[in-house]
Amino acid sequence: MKLFLIGYMGCGKSSLGRRLAHRFAIDFVDMDKAIEAEAAMTIPQIFATEGEEAFRKREREMISKLGAAEGDQIIATGGGAPCREGNLELLNSFGTTIYLKLPPDILVSRLCRNKAKRPLIAGKTDEEVAEFVSRSLGEREVYYQRASIVIDCAGRSDDYIVEHLYN
Ligand code: S3P
């Protein structure tokens, strides 16, 4: 079994993924961390030295690598990973994709607390982050909505979401 958590930056893919993996008693993999380990660079360093397109290429390769790996896993993907042509279909071919859906205002308030580690919003003012999120979420939603399962996370506790997915 492979479960891929997808959704916008700040929607809780990594923290929920860890809890879900614990509940299912299977391994958790954070795709961004796997890319960082392979590149021996942080995500901000990859963006700064190689550029976004090179990061997207690494991301696509990591989807194939993790998808083909043996064993049951919960995999938290990066927010942009399913949003390149063919990537969502590739993820769906390897397992079940779960979109953790949250409205822009909640995402913005979470993201404004921690911009530095995310190159797409680092250096932006809170207003610029809000503008960026509302525009890019609109573009990305088309991909996210093609997930096998869509979960509306607004107003729902992590416990509820974990149990809902487990049952
Ligand atoms: C990105 C999301 C990040 C990371 C990179 C690009 C995106 O992951 O992959 O900074 O394009 O939305 P998180 O969704 O875990 O923040």
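**Aromatic pairs, helix packing and selected residues**

The structure holds three aromatic pairs, where rings of Phe, Tyr and Trp (its six-membered ring) pair if their centres lie within 6.5 Å, and planes under 30 degrees apart count as stacked, over 60 as edge-to-face and the rest as tilted. The structure is a predicted model, in which local features need pLDDT of at least 70 and side-chain atom pairs count only at pLDDT 80 or more, while totals for chains, interfaces and linings use all residues. Residues are numbered from 1 along each chain as its sequence is written, and side-chain values use heavy atoms, with hydrogens and water left out.

One of the three aromatic pairs is formed by Phe 24 and Tyr 166. The pair is edge-to-face, with 5.0 Å from centre to centre and 65 degrees between the planes. Distant parts of the chain are linked by this pair, since Phe 24 belongs to helix α1 (residues 13-24) and Tyr 166 to helix α8 (residues 158-166), 142 residues apart. Helices (H or I, at least four residues) and strands (E, at least two) are DSSP runs, numbered from the N terminus. Tyr 166 is partly exposed, its relative accessible area being 34%; buried means under 20% relative accessible area, exposed over 50%, and partly exposed in between (1.4 Å probe, protein chains only). Apart from neighbours within four places in sequence, Phe 24 is in contact with Met 1, Leu 3, Ile 74, Leu 165 and Tyr 166, contact meaning heavy atoms within 4.5 Å. Between Phe 24 and Phe 94, which are 70 residues apart in sequence, the C-alpha to C-alpha separation is 18 Å.

Two packed helices are described by the angle between their axes and the distance between the axes. Axes are lines fitted to C-alpha atoms, for helices over the stretch in contact, and angles run from 0 to 180 degrees between N-to-C directions. Helix α6 (residues 104-111) packs with α7 at an angle of about 135 degrees, and their axes are 10 Å apart. This angle makes α6 oblique to α7, because angles under 35 degrees count as roughly parallel, over 145 as roughly antiparallel, 65 to 115 as roughly perpendicular and the rest as oblique. The crossing of α6 past α7 is right-handed; a crossing is left-handed if the near helix is turned anticlockwise from the far one by less than a right angle, and right-handed if clockwise. From α6, the contact involves Pro 104, Leu 107, Val 108 and Leu 111, and from α7 it involves Val 129, Ala 130, Val 133 and Leu 137. By class, the residues of this contact are eight nonpolar, no polar and no charged. Ala, Val, Leu, Ile, Met, Phe, Trp, Tyr, Cys and Pro count as nonpolar, Asp, Glu, Lys and Arg as charged, and the others, Gly among them, as polar.

Ala 130 of helix α7 is partly exposed, with a relative accessible area of 30%. The C-alpha atoms of Ala 130 and Cys 112 are 8.7 Å apart, and the two residues are separated by 18 residues along the chain. Glu 141 also lies in helix α7 (residues 126-144), and at 17% relative accessibility Glu 141 counts as buried. With residues up to four places away in sequence not counted, Glu 141 touches Tyr 99 and Lys 101. Glu 141 and Lys 101 are 40 residues apart in sequence, with 9.1 Å from C-alpha to C-alpha.

In a further helix pair, the axes of helix α2 (residues 31-39) and helix α4 (residues 52-68) come within 10 Å and cross at roughly 110 degrees. The two helices, α2 and α4, are therefore roughly perpendicular to each other. On the α2 side, Met 31, Asp 32, Ala 34, Ile 35, Glu 38 and Ala 39 meet Phe 55, Arg 58, Glu 59, Met 62, Ile 63, Lys 65 and Leu 66 of α4. This contact has eight nonpolar, no polar and five charged residues.

Most residues other than glycine have a negative phi, and most peptide bonds are trans. Ala 25, although not a glycine, has a positive phi of about 55 degrees. Ala 25 is placed in the loop between α1 and β2 (27-30) and is exposed, with a relative accessible area of 68%. Ala 40, which is not a glycine, has a positive phi of about 55 degrees. The loop between α2 and α3 (43-50) contains Ala 40, and Ala 40 is exposed at a relative accessible area of 66%.
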